[in-house]
Amino acid sequence: MISELTLTMQGIKDKLADLPERISGLREMAYNLWWSWHPEGRELFKLLNRQGWYLSNHNPIKMLNQMDKGKLEAASRDPHFLRHYDSVMARFEGYMNPTSGWFCANVTEPQKCAVAYFSAEYGLHHALPFYAGGLGFLAGDFLKECSDLGIPLVGVGFMYPQGYLRQMISPDGWQVGACEILDRENAPIQKMADLNGDPFSIKVPIMDPPINLEVWKVQVGKTRLYLIDTSSEANEPENRVISDRLYTGDLERRLRQEIVLGIGGVRILEAMGEKFSVLHLNEGHPAFAVLERIRMKVEQGMNYRDAFEQVKGTTVFTTHTPVPAGHDVFAHQLLDKYFGSYLPTLDLSREEFLHQGENPVRSDGFNMTAFALRSSKYHNAVSKKHGEVSRKMWQQLWPGQSLEEVPIDYITNGVHVPSWIDRRLGDVIFKRYLGRTWLEEHDQSRIWEMVDEIPDDELWRHHYAMKGMLIEKIRERARNKWLEAGSDPNPNIVMASGIMLDPATLTLGFARRFASYKRPTLLLQDLNRLKNILNNPWRPVQIIFAGKAHHDDQQSKMLLQQVFNAAKNQVFGGRVAFVEDYDELLAQYMVHGVDVWVNNPLPPMEASGTSGMKASLNGVPQLSILDGWWIEGYNGRNGWSVSGAEEGPDRDAKDAAAIYELLEKEIVSLFYDVDEDGVSHGWVRVMKEAIKMSGPNFSARRMAKEYTEKFYRKGFETAMKADYRKESGELKQNPFGGI
Ligand SMILES: *Cc1c(COP(=O)(O)O)cnc(C)c1O
């Protein structure tokens, strides 16, 4: 499946090319995010240079680039280091064996089955800030899991040079984020070169003047992710900025982004010799990829209708949100401007093309979700409830069909367990009580029954340690803010950033993108009641908030300001904190370290939500409005739920009151009800139930297997039948015997 071209296509020569020979494998390992979910990989880099690991913010490329040559030479002769190096390298190489994994064991011709996965964002690691939130982490977790299972998948996305919004809050609580330019040399990404060693580059001719696309590769275990970069000097200035940053508000620029991602993305895979038979569109943004696949078939002599049917039969589309802003709509004139000369090459008329993007309930332009739904045979929502909501939203696309017959299935999201489990919890406690191979078998529910065997005090004390680490991290950030505060520091700001947090206090966490449907200020509905809950001298409570608002979203910035002002407000005694700059690293600390994960979206807007799964997996139960995954996840024992009030003017007040009441009547007393051994056994019961529910049911493994069994398998069959027909032979044997 990997063509010769791909094998010879290498990253541009970089600083790590001349590591000492004996340890030169570190280069390949550092450029493979494998280390991010294999603790032994991280330990090896730490062993090499503990301080450098810390100062590089856990980024091995940066660490190695900055390392003294002499130190590397010394390591290459140090028998202690070399023993570890050889052992970790062997594990790494074993993992990278392309024929290992669940998929290859179940498919007779795995080399003929490859998936191209397109997404506008990927959340993989904090050193690669190409994400806004949940959609990106879902995609990142999915790539890692496909690698673990051996599902042959290549990803396509964007390299956003200014992807990272460094969030800073002004003293009056206004987010004044600055875009941080990605330090490409020190990121675990490699620029692709052609056979002559020059930067690989292709053109998207649909645009005038044409755009040159360069490509970066992120190696995610066995999965290759190609990131498109438009910033080449050869491009016109207005084209260089196309992939500057995520989700620009300018619609024309957004359309140009989506053309580059979809059409450019397919061309890149073609040029790289990356053959695939199934296309998976993660949300509507990359849906133009379908057109380029059709064009390639038409170019080979097929008519549009047949090409369309074949492409449709091998395309999967996942819709991720009922929020209107999540569905791009483009004016027809804008499409005419870009697609006028392209459509004839597909043998497709303007009318038919525009019809493909028509929203049957609102004719406001070309709707990318409608287009993606019409152009794919397999479509899904991301939770059971979201499936119902999506079928209702798009029912008119299938006139005459009843709601239940609308062919939008659901596959509930899941999280990549090796990435989100705390290392100590997984490597020490789970290994001891669930069995040494628990991680390899983590989608088997019987393993998770063993959670009951963990002694209560062991889990409780482990969690206390995690909470201590979170608070320590927050205080360190607060201290740095204080150090950087300049000549006229404002003590309230430092207090707001969490300096007064106390590890013995019941700690609620609310961290996610600030978007109005997620209602980040709901807990602040009744400040007086909240104050009494937090300042109870006998059983105090504290809340840690974190999250970024989108650049152009003034309303969300106002919500953030309200939260920040509450954190500054003296009446809460420093028990409300807002921690700046929420990213993957802070998310790790938070989902491991708070006591309760709070989620209070406006139903049914939270299609799934995944941060609560990460928390539950680590024994941090959720307190959530019943929406998204929680409708499936909540079982009465593994956390707390609020039904959510009917629509009406006092909906927020009612929902907030229901949450306050749960805190006042159940949650706080359960947490503080400790026995003589210092452990709240009732609380640990809830922690264990949280782990037992989310471990087997809300993992990316369960999810990736579902995508394979429900969709990919059928898509591969369709593709293979077409291939055999082309070669005028018969499909001799079903290659999917096992799955
Ligand atoms: C998991 C995750 C998200 C998604 O959180 P939701 O609660 O599903 O919105 C957002 N940001 C980061 C950094 C995450 O790790």
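**Entry 1: the core.** I started with the largest nonpolar core, which has 136 residues, and looked up the members that touch the most others: Ile259, Phe288, Phe339, Phe353 and Tyr712. For my notes, such a core is a set of buried Ala, Val, Leu, Ile, Met, Phe, Trp, Tyr and Cys residues joined through side-chain atoms within 4.5 Å. Buried means under 20% relative accessible area, exposed over 50%, and partly exposed in between (1.4 Å probe, protein chains only). Helix H12 (residues 251–272) gives the most to this core, nine residues. Because domain 1 (16–95) and domain 2 (114–413 + 709–727) both give residues to this core, it lies between them. The domain bounds come from an automatic or database domain assignment. Helices here are DSSP runs (H or I, at least four residues), numbered from the N terminus.

**A note on the model.** This is a predicted model, in which local features need pLDDT of at least 70 and side-chain atom pairs count only at pLDDT 80 or more, while totals for chains, interfaces and linings use all residues. Residues are numbered from 1 along each chain as its sequence is written, and side-chain values use heavy atoms, with hydrogens and water left out.

**Entry 2: the ligand.** Next I looked at what surrounds the ligand: 13 residues, with Lys518, Gly609, Thr610, Ser611 and Lys614 the closest. A residue joins this shell if one of its heavy atoms lies within 4 Å. By class I noted four nonpolar, five polar and four charged residues; Asp, Glu, Lys and Arg count as charged, Ala, Val, Leu, Ile, Met, Phe, Trp, Tyr, Cys and Pro as nonpolar, and the others, Gly among them, as polar. Domain 2 and domain 3 (421–698) each supply at least three residues of the shell. Helix H10 (134–149) and helix H27 (611–617) each contribute at least two.

I then checked polar contacts (N or O pairs within 3.5 Å). Ligand oxygen atoms lie 2.4 Å from a polar side-chain atom of Ser611, 2.6 Å from one of Lys614 and 3.4 Å from an N or O atom in the side chain of Arg512. Taken alone the ligand exposes 390 Å², and the protein buries 96% of that; the areas come from the Shrake-Rupley method with a 1.4 Å probe.

Entry 3: Why is helix H4 (residues 39–48) largely enclosed by the rest of the structure? Seven of its 10 residues are buried, among them Glu40, Phe45 and Lys46. I also looked up Gly52, which sits in helix H5 (residues 50–55). Gly52 counts as buried, at 15% relative accessibility.

Note on methods: A polar contact is a pair of N or O atoms within 3.5 Å; within protein, one must be able to donate a hydrogen and the other to accept it, and residues adjacent in sequence count only if both atoms are side-chain atoms.
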